[in-house]
Amino acid sequence: MGMTITEKILAEHAGVKEIYPGQLIKARLDLVMANDVTAPLAIKEFESVGAKQVFDRDRIVLIPSHFAPNRDVKAAEQCKIMREFARKHQITHYYEVGTAGIEHAFMPEQGLVLPGDCLIGADSHTCTAGALGAFATGVGSTDLAAALITGETWFKVPESMKFVFKGKLRNWVCGKDLILYVIGRIGVDGALYKAMEFTGELIRGLPMEDRLTMCNMAIEAGGKSGIVEPDDITLEYVRPRAKREFKLYKSDPDAKYCEVYEFNGEEIEPQVACPHLPENTHPISQVGNIAIDQAVIGSCTNGRISDLRVAAEVLKGRKVHPYVRLIVIPATPEVYRQALKEGLLETFLDAGGAISTPTCGPCFGGHMGVLAEGERAVSTTNRNFIGRMGHPKSEVYLASPAVVAASAVLGRIASPEEMVS
Amino acid sequence: MLIRGKAWKFGDDVDTDVIIPSLYLVTSDPEELGKHCMEAVDPEFPRKIGKGDIIVAGKNFGCGSSREHAPISIKAAGVSCVIARSFARIFYRNAINIGLPILECPEAADGVSTGDQLEVDLDTGEIRNMSTGRVYRATPFPPFMQELIAAGGLMKYVAKQVGLARGSD
């Protein structure tokens with residue numbers, strides 16, 4: 001019987017030839033990741049059982065991203081717990097503020113995660129790395145603590161859902177719009193426990209960074225993972241970055257899927273997810289007149305260089321609306337440097353935007369742009385839950401970098417199409 | 001194991017930002033996390049509930065972030081069990097790993113109201129609504145999870161496996 005790419009990767013890491021959905025397996029992990037929010041709890045668990053050493057110091061990634069640079073004394077203490085653990089166990093891939101970025105943008109960019117890998121991260125957006133043709137999923141701190149000791153974890157093999165995209169992208173439409181569209185169609189639990197495989201001619205032509213954005217939000221549909229079969233675009237991205245061997249897997253033609261969806265790219269316009277769930281998605285033409293207080297461009301979803309380029313294209317020669325705060329957050333130091341070289345940062349500054357050092361920051365209401373009661377933001381981030389960016393009575397609308405940039409200028413949620421005229 | 005408590009009803013898609021807002025993620029102290037459980041939707045919740053009470057919710061409970069602080073805060077607030085139509089998968093794993101009993105039962109999620117007195121048998125999955133007399137059946141934990149729970153949670157299970165000294169206590 002044919003297997004999906006997800007089943008093949010899991011079978012390989014479980015050391016078995018065949019695998020079926022629902023099967024419980026113990027899998028070897030290529031990489032284990034945690035951040036400043038989740039690592040301290042995992043470290044506490046690690047130490048509580050008397051563990052003395054990690055399974056492999058080269059296969060653990062620890063990144064201060066959420067409250068870093070330290071927001072306050074308590075956050076500083078959390079970051080310190082992780083830093084001291086990293087030094088004690090000589091963790092190869094610990095990155096300090098200044099070299100660290102948001103983990104899900106940083107790990108693919110630095111070639112830490114590669115096609116064919118099986119990894120867990122104590123952060124729900126770990127599924128991002130599926131875009132490289134890897135199996136990547138989020139876990140909690142206790143699962144992570146166990147994996148720090150053993151280098152293994154248990155999985156229930158997920159059923160796979162296939163999302164086939166045909167046709168071409170319309171103007172100003174990107175990976176973010178495609179994934180918001182999918183979540184709008186299937187709901188925030190539409191892919192619960194399942195692997196979401198994105199395929200079709202449109203995906204095969206989609207740049208790597210858009211694929212990363214799509215897999216990043218698989219969790220927003222309840223998915224266990226998102227995945228794209230590796231192809232020439234993947235190899236072009238991975239080859240200059242990889243420092244170890246990697247393996248390419250593809251789904252068999254007779255692989256089994258529990259559901260198959262087909263979408264036509266030409267029918268998808270820029271999407272906006274309205275409060276308070278990512279499934280509350282509408283085409284921008286139907287969103288109406290929504291005034292905003294803040295516009296955020298960044299996060300593990302849309303803080304990459306291509307995101308900043310499109311935002312700068314919209315903002316070039318324009319000014320941010322006087323009632324709006326624009327906050328731009330390059331996801332990694334490399335994105336920051338590249339944006340500097342290309343003059344994008346100057347464009348943001350000229351427009352009246354604020355530029356932050358890489359951090360998850362406002363996405364989860366951490367710092368660097370928290371909302372007051374009654375305030376409304378449009379953001380390239382991934383969640384618009386109640387109170388996600390600050391006060392329980394604030395609101396977040398999710399959209400692409402192009403839409404957020406256009407909205408920052410017009411002071412209301414707007415399509416970049418409106419700026420052309 | 002038998003659990004008795006009063007039901008507190010919540011809707012669909014209760015996310016981890018609602019269960020414990022990010023503001024409090026700078027601590028892993030259960031007591032502190034318990035003080036802010038569910039406050040984004042009900043600021044009085046941590047003070048209203050009694051020890052052993054039970055959360056009953058709709059579909060996709062615990063969706064969103066992987067923060068283990070969410071089940072920890074529920075457990076520390078005094079909640080003995082969560083019954084829902086369905087759970088988000090990371091929350092499901094986390095709850096089991098930290099020893100917060102959870103049961104999937106659509107019929108109970110629909111049939112129970114806030115204030116009902118419930119009796120839950122974790123071994124059989126039977127949920128008895130003492131206020132209405134109705135009985136619901138949830139699927140009990142599969143054997144491998146019972147083993148994990150019997151070991152005292154994931155860390156003790158792992159510690160035993162790799163022969164760490166403190167695993168057996």
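Reader: Across the interface of domain 1 and domain 2 of chain A, how many residue pairs are in polar contact?

Author: This is a predicted model: local features need pLDDT of at least 70, side-chain atom pairs count only at pLDDT 80 or more, and totals for chains, interfaces and linings use all residues. Residues are numbered from 1 along each chain as its sequence is written, chains are lettered from A and ligands numbered from 1 in the order in which they are written, and side-chain values use heavy atoms, with hydrogens and water left out. A polar contact is a pair of N or O atoms within 3.5 Å; within protein, one must be able to donate a hydrogen and the other to accept it, and residues adjacent in sequence count only if both atoms are side-chain atoms. With both residues at pLDDT 80 or more, the number of pairs found across this domain interface is 20.

Reader: Which element gives the largest share of the side of domain 1 of chain A that touches domain 2 of chain A?

Author: Helices (H or I, at least four residues) and strands (E, at least two) are DSSP runs, numbered from the N terminus. Two or more residues on this side come from each of α4 (103–109), α6 (175–186) and α8 (208–216) of chain A. The largest share is 6 residues, and its source is α6(A).

Reader: By class, how many residues on that side of domain 1 of chain A are charged?

Author: Ala, Val, Leu, Ile, Met, Phe, Trp, Tyr, Cys and Pro count as nonpolar, Asp, Glu, Lys and Arg as charged, and the others, Gly among them, as polar. This side of domain 1 of chain A has 16 nonpolar and 15 polar residues. Its number of charged residues is 7.

Reader: How many residues does the contact take from domain 2 of chain A?

Author: The domain bounds, from an automatic or database domain assignment, are 5–263 for domain 1 of chain A and 271–418 for domain 2 of chain A. Their C-alpha centres lie 24 Å apart. Contact means heavy atoms within 4.5 Å. It takes 38 residues from domain 1 of chain A, and from domain 2 of chain A it takes 41.

Reader: What area do domain 1 and domain 2 of chain A bury between them?

Author: Interface size is often given as the accessible area lost when the parts come together. Buried area is that loss (1.4 Å probe), summed over both parts. Carbon and sulfur atoms carry 61% of it here. The two domains of chain A bury about 3100 Å².

Reader: Which residue forms a salt bridge with Glu220(A)?

Author: A salt bridge is a side-chain nitrogen of Lys or Arg within 4 Å of a carboxyl oxygen of Asp or Glu. The rule finds 1 across the interface of the two domains of chain A. For Glu220(A), the closest N and O atoms are 2.6 Å apart, and the partner is Arg383(A).

Reader: Is Asn382(A) buried or exposed?

Author: Asn382(A) sits in the loop between β17 (376–379) and β18 (395–398) of chain A. Its side chain makes a polar contact with that of Thr301(A), at 2.9 Å. Among the residues it touches are His125(A), Glu220(A) and Cys363(A). Buried means under 20% relative accessible area, exposed over 50%, partly exposed in between (1.4 Å probe, protein chains only); at 0%, Asn382(A) is therefore buried.

Reader: Which residues of chain A lose the most area to chain B?

Author: Chain A and chain B bury about 3900 Å² between them, with 60% of it from carbon and sulfur atoms. Three residues of chain A together make up 16% of what that side buries: Val49(A), Trp154(A) and Tyr193(A).

Reader: Where is the place of Pro69(A)?

Author: A cis peptide bond joins Ala68(A) and Pro69(A), with omega about -10°. Pro69(A) is in the loop between β3 (60–63) and α3 of chain A.

Reader: Is Met38(B) buried or exposed?

Author: Phi of Met38(B) is near 65°, a positive value in a residue other than glycine. Met38(B) lies in the loop between α2 (30–34) and α3 (45–48) of chain B. Its relative accessible area is 0%, so Met38(B) is buried.

Notes:
Lists of a residue's contacts leave out its neighbours within four places in sequence.
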